[in-house]
Amino acid sequence: MSTQDNRDEDRYKKQGFGNEMGMTGRIALLIVDFVNGFADPEAFGGGNIPEAIERTKTLLATARRLGWKVAHTRIVFAEDGADANIFSLKVPTMLGLTETNPASAIVDELAPEPGEYVVRKTVPSAFAGTPLASWLVTHGVQTVVVAGCVTSGCVRASVLDAMQYGFRPVIVSDCVGDRAIGPHEANLFDMAQKCGDVMDLDALLSRLPNS
């Protein structure tokens with residue numbers, strides 16, 4: 001960490017930011033948009049996304065073994081573009097992520113198992129316009145562990161909404177990825193200060209019973 005980074009962190013701490021929320025109650029795992037298109041650097045991917053997918057394999061296996069509820073998200077637009085929105089106006093290539101396009105399918109390494117919830121969305125947040133919040137409440141979830149991509153986009157939007165809905169987000173820093181490392185690191189820092197706890201996978205596993 002550079003001298004400037006230390007000064008920034010000290011400034012936030014002095015102003016009361018960055019307190020740890022901690023994990024409490026039932027835990028769910030939310031895996032945001034680890035789909036083929038975002039795993040492909042020639043499409044929507046790049047950066048450290050492949051490494052984050054690899055680390056998430058261990059996280060997902062742990063969640064399943066411990067009996068956590070698991071939700072996955074995909075961006076899925078209508079085949080005819082009828083649900084085009086402001087997000088797709090900004091990034092029109094997103095309209096190609098349709099139900100039948102393999103780019104919108106979850107990567108094989110993290111394929112959902114029966115009983116895991118697959119959220120289809122057309123905006124960055126996993127919560128906006130979806131039943132995810134009510135699904136988590138129905139299952140008594142209080143803490144949401146978050147993996148996925150991209151850190152500066154759909155992950156951040158989902159973490160912010162999770163906090164605003166009253167869940168405690170835990171962002172697993174090496175299980176989230178972005179197509180560029182600068183936005184990845186900046187958004188991890190900012191989320192840690194304002195809306196979630198950030199830790200790497202090893203630190204998370206060390207806090208879990210029987211992990």
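Glu 99 is partly exposed at 39% relative accessibility, where partly exposed lies between buried (under 20% relative accessible area) and exposed (over 50%), using a 1.4 Å probe and protein chains only. Glu 99 forms a salt bridge with Arg 120, with 2.8 Å between the closest N and O atoms; a salt bridge is a side-chain nitrogen of Lys or Arg within 4 Å of a carboxyl oxygen of Asp or Glu. This is a predicted model, in which local features need pLDDT of at least 70 and side-chain atom pairs count only at pLDDT 80 or more, while totals for chains, interfaces and linings use all residues. Residues are numbered from 1 along each chain as its sequence is written, and side-chain values use heavy atoms, leaving out hydrogens and water.

**Salt bridges**

- Glu 99 sits in the loop between helix H4 (86-90) and E3, and Arg 120 in strand E3, so the pair ties together parts that are 21 residues apart in sequence. Helices (H or I, at least four residues) and strands (E, at least two) are DSSP runs, numbered from the N terminus.
- Arg 120 is partly exposed, at a relative accessible area of 43%.
- Salt bridges that share partners put Arg 55, Asp 174 and Asp 202 into one network.
- Asp 174 and Arg 55 form a salt bridge, their closest N and O atoms being 3.0 Å apart. Because Asp 174 lies in strand E5 and Arg 55 in helix H3 (residues 49-66), this pair ties together parts that are 119 residues apart in sequence.
- Asp 174 is partly exposed, with a relative accessible area of 23%, and Arg 55 is partly exposed, with 28%.
- The structure holds 12 salt bridges. One of them joins the side chains of Arg 207 and Glu 20 (2.9 Å, N to O). It links helix H8 (residues 201-207), which holds Arg 207, to the loop between helix H1 (3-14) and E1, which holds Glu 20, 187 residues apart.
- Arg 207 is partly exposed at 41% relative accessibility, whereas Glu 20 is exposed, with a relative accessible area of 52%.

**Sheet**

- Six strands form an open sheet with parallel pairing, in the order E3-E2-E1-E4-E5-E6; two strands pair if DSSP finds at least two bridges between them.
- E3 and strand E6 (197-199) are the edge strands, each pairing on one side only.
- E1 and E4 run parallel and are joined by seven bridges. Leu 30 stands opposite Val 146 in E4.

**Helix H6**

- The buried residues of H6 (residues 151-164) are Thr 151, Cys 154, Val 155, Ser 158, Val 159, Asp 161 and Ala 162.
- Their cover includes strands E1 (26-32), E2 (69-75), E3 (117-121), E4 (141-149) and E5 (168-177), as well as helix H7 (181-194); contact means heavy atoms within 4.5 Å.
- Just after H6, Gly 166 takes a positive phi of about 95°.

**Aromatic pairs**

- The structure holds six aromatic pairs. Rings of Phe, Tyr and Trp (its six-membered ring) pair if their centres lie within 6.5 Å; planes under 30 degrees apart count as stacked, over 60 as edge-to-face and the rest as tilted.
- Phe 127 and Tyr 165 are stacked, because their ring centres are 5.5 Å apart and their planes at 25°.
- Phe 127 is in the loop between E3 and helix H5 (132-138) and Tyr 165 in the loop between H6 and E5, so the pair ties together parts that are 38 residues apart in sequence.
- Phe 127 counts as buried, at 1% relative accessibility.
- Tyr 12, Phe 17 and Phe 189 form one aromatic cluster.
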